[in-house]
Each structure stands twice: as structure tokens, then as C-alpha cells.
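Here is a friendly walk through some helix packing and a ligand site. Please have the sequence and the structure open as you read.

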Amino acid sequence: MKSRAPVLIVGSMAFDDLELPSGNFKDTLGGSATYAAFAASTFTEVRVVAIVGDDFPEATIKSLAARGVRTEGIERAKGKTFRWAGRYDADLASRTTLDTQLNVFADFAPKIPAESASSPIVLLGNIHPALQADVLNQVGRPQIIIADTMNFWIKGEREKLVSLLNRVDVLIINDEEARDLSGIHNIRKAALEIRKMGPHSLIIKRGEHGAMLFDDTGIFAVPGFPLEDVVDPTGAGDSFAGGFVGALAQHVTGEGGTAAGREALSKHARTAMIYGSATASRCVEGVGTAKVELLDTASVEARVLQIRALFELTPA
Ligand code: AMP
């Protein structure tokens with residue numbers, strides 16, 4: 001691991017109200033960019049573009065900066081920060097969105113700082129697909145473009161999302177979203193259909209069951225690590241994306257354009273999937289960003305070994 005390309009991450013920064021079996025947690029730090037940035041900064045330089053309100057703590061921005069995250073792309077606007085509220089079922093396997101308040105996000109027009117615009121890898125966190133497209137219009141052609149999305153946009157902004165997919169190298173969604181996007185129940189057929197919409201590689205997350213990668217090398221599956229205590233699954237998807245992109249960044253030099261990006265994906269996406277799964281499993285061990293904020297390579301590497309051991313035929 002040597003080259004460590006910087007990664008531009010665009011997404012939401014949020015306050016979340018979480019109803020968990022273990023209790024209710026109000027005003028928890030959340031947001032797709034927040035989780036992904038904390039996660040990816042374990043491995044490489046991250047540049048964040050997001051918007052927060054005047055109620056957002058400066059201390060959080062400082063804690064990102066303390067991990068080497070470039071925060072000049074975080075715009076502070078007058079008004080309230082984006083808010084999301086969710087309730088989890090007793091088994092933590094499914095959740096219901098109770099409330100989404102866009103607040104300052106409603107008028108967000110991402111402005112990519114000049115230095116960040118040349119980032120070789122771009123992770124478009126889960127935000128409105130029109131905003132994701134707006135970001136791509138400002139960055140030329142990075143070597144690898146990765147996008148996350150959610151049902152909210154698949155159902156509400158399908159046309160804009162589908163046109164974005166043509167410009168994306170890796171799409172990360174969960175199984176339910178893959179079914180909604182393709183209209184096909186069988187996951188393998190759904191993946192084939194979605195890849196026809198544009199993404200060279202497709203990652204389908206399956207919650208505690210792990211994730212699958214569909215690309216030109218075939219199909220790869222990584223298990224989720226079976227934890228004894230899952231505390232809060234919020235941000236697992238964004239942490240997966242952050243861990244995946246951070247691990248991939250080790251193999252991207254910034255040279256060689258999209259051909260080198262594709263080569264890095266072919267050679268290293270499977271390993272990066274294991275890092276994504278390891279990072280996500282660390283995230284869900286605490287409430288909100290509590291664990292992912294403090295993540296270090298040693299704890300991710302330890303979890304990577306535990307995950308690899310799950311399918312090691314000769315036990316150590
Ligand atoms: P995950 O559990 O990985 O799906 O991510 C949860 C995070 O996504 C929470 O911290 C929310 O603040 C954020 N989030 C939820 N809905 C949206 C949305 N519509 N747009 C942007 N971020 C969102």
C-alpha cells in the first residue's frame with residue numbers, strides 16, 4: 001500500500017434522531033459525508049464538500065480536520081443543518097424513516113474548491129442525484145467515480161438518477177434498492193440490468209449478510225462480520241463506502257486516467273470490499289459516528305483478518 005490518492009467526498013452532514021432498541025438518541029451526529037469521511041480518512045486524504053447550518057458544532061469540523069480531512073469545502077449557511085430521524089426494528093435489520101428535514105440542504109449548490117476538483121477518486125455520497133451530477137460537472141473526469149444512493153431518490157428522482165448512472169464507475173446500493181431500481185427481484189438479474197444503465201461495477205449491500213460485487217471479473221461476495229452486539233446500524237452503508245474507497249485509494253496514483261482507474265478496480269475491488277465490510281462492522285459497534293470517528297488502521301486490519309478467517313479453509 002503506497003500511492004494513496006486523495007478522495008473527494010460529497011454528501012450530507014446531519015443531526016439524526018435515532019430510535020434504537022437500546023434507547024432513543026437525539027441530535028446524534030450523522031450524514032452520508034460525515035460517516036464516509038471519517039471512515040475513508042483512516043486510509044487516505046479526504047476532501048469533503050457538504051453544507052451545514054449555523055447550529056453545527058465547529059468542534060466536529062475540527063475533529064474531521066484532525067484526521068487530515070480537508071474541510072474548506074464544508075459550507076456554513078444561515079439556518080438549520082439537515083435532520084433525519086429513523087426507527088429500527090427490534091432485530092435492527094430494518095428501519096423506518098420517520099422524518100427528513102432538508103433545511104440548509106434545500107438550497108445547496110455544491111462548490112468544489114479548486115484543489116479538490118482534481119481529486120483522482122470521487123465518492124458521491126447519498127444526496128439528490130441532481131446535486132451529484134452538479135459535482136461531476138465541476139470535476140472533469142476523475143479516474144474513479146463511485147456513487148451511493150437510496151430508495152428516496154430511486155422512487156422520487158428516478159430520471160435524474162438514471163442519467164447520473166451513465167457517468168458512474170461504481171454504484172453502491174442495497175438489495176432492496178437494486179430491486180426497486182431494476183424492477184427485478186432476482187439479485188443477479190437485477191445486477192445485470194443495473195450495469196446496463198452505466199456503472200462498470202455494482203456493489204449490492206445485504207446488511208448483516210455482507211455485500212456482493214458484480215463487475216467484469218465476475219461475482220464476489222464478502223460476508224458481514226457476525227458481531228455479538230450490534231449497537232446502531234446507522235451509517236453502515238456510508239462507512240462501507242468510505243472503507244471501500246479508502247482501501248482502493250492505496251492503489252490509485254493519479255496517473256493513467258480512467259484506464260488506470262479500471263485496472264485498479266479489476267485488481268483491487270475485491271480486497272476493498274473486505275475493507276468496506278470491516279469498516280462498516282466497526283461503525284455499528286457504537287451509536288452514530290462514535291466509533292467511526294476514532295477508527296484507526298489497526299482496528300480495521302484486525303477486523304479484516306477476522307473476516308478473512310470466516311472463509312479460510314484451513315483454520316489458524
Ligand atoms: P446509512 O445508514 O448508511 O444509510 O446512512 C444514514 C445516514 O444518511 C444518516 O446519518 C442520515 O443523516 C443520512 N441520510 C438519510 N436520508 C438522507 C437523504 N435523503 N439525503 C442525504 N442523507 C441522508
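Which residues in H6 meet which residues in H7? Before the answer, please keep in mind that this is a predicted model. From H6 come Asp 175, Ala 178, Arg 179, Leu 181 and Ser 182, and their partners in H7 are Ile 187, Ala 190, Glu 193 and Ile 194. Sorted by class, this contact of H6 with H7 has 5 nonpolar, 1 polar and 3 charged residues.

**How the helices pack**

Two packed helices are described by the angle between their axes and the distance between the axes.

| Helix pair | Angle | Axes apart |
|---|---|---|
| H6 (residues 175-182) and H7 (residues 187-196) | about 60° | 9 Å |
| H8 (residues 236-249) and H9 (residues 257-283) | about 140° | 7 Å |
| H9 and H10 (residues 297-310) | about 115° | 9 Å |

With an angle of about 60°, H6 and H7 are therefore oblique to each other, and H6 passes H7 in a left-handed crossing.

**H8 against H9**

H8 and H9 pack at about 140° and are therefore oblique to each other. The crossing in which H8 passes H9 is right-handed. On the H8 side, the contact is made by Ala 236, Ser 239, Phe 240, Gly 243, Phe 244, Ala 247 and Leu 248. The H9 side includes Ala 264, Leu 265, His 268, Ala 269, Ala 272, Met 273 and Tyr 275, and also Gly 276, Ser 277, Thr 279, Ala 280 and Cys 283. What is the make-up of this contact of H8 with H9 by class? There are 13 nonpolar and 6 polar residues, with no charged residues.

**H9 against H10**

H9 also packs with H10, at an angle of about 115°, and the two helices are therefore roughly perpendicular to each other. Here H9 passes H10 in a right-handed crossing. Thr 271, Ile 274, Tyr 275, Ser 277, Ala 278, Thr 279, Ser 281 and Arg 282 in H9 meet a set of H10 residues. That set is Ser 299, Val 300, Glu 301, Ala 302, Arg 303, Val 304, Ile 307 and Arg 308. By class, the contact of H9 with H10 has 7 nonpolar, 5 polar and 4 charged residues. Tyr 275, Ser 277 and Thr 279 of H9 take part in the contact with H8 and in the one with H10.

**Around the ligand**

How many residues surround the ligand, and which are the closest? The ligand is surrounded by 19 residues, the closest being Ser 12, Asp 16, Gly 31, Gly 235 and Asp 238. An N or O atom in the side chain of Asp 16 is 2.4 Å from an oxygen atom of the ligand. For Gly 31, a backbone N or O atom lies 2.7 Å from a ligand oxygen atom. Gly 237 likewise has a backbone N or O atom 3.1 Å from an oxygen atom of the ligand.

Methods. Residues are numbered from 1 along each chain as its sequence is written. This is a predicted model: local features need pLDDT of at least 70, side-chain atom pairs count only at pLDDT 80 or more; totals for chains, interfaces and linings use all residues. Side-chain values use heavy atoms; hydrogens and water are left out. Axes are lines fitted to C-alpha atoms, for helices over the stretch in contact, and angles run from 0 to 180 degrees between N-to-C directions. Helices (H or I, at least four residues) and strands (E, at least two) are DSSP runs, numbered from the N terminus. Angles under 35 degrees count as roughly parallel, over 145 as roughly antiparallel, 65 to 115 as roughly perpendicular and the rest as oblique. A crossing is left-handed if the near helix is turned anticlockwise from the far one by less than a right angle, and right-handed if clockwise. Contact means heavy atoms within 4.5 Å. Ala, Val, Leu, Ile, Met, Phe, Trp, Tyr, Cys and Pro count as nonpolar, Asp, Glu, Lys and Arg as charged, and the others, Gly among them, as polar. A residue is near a molecule or strand if one of its heavy atoms lies within 4 Å of it. A polar contact is a pair of N or O atoms within 3.5 Å; within protein, one must be able to donate a hydrogen and the other to accept it, and residues adjacent in sequence count only if both atoms are side-chain atoms.
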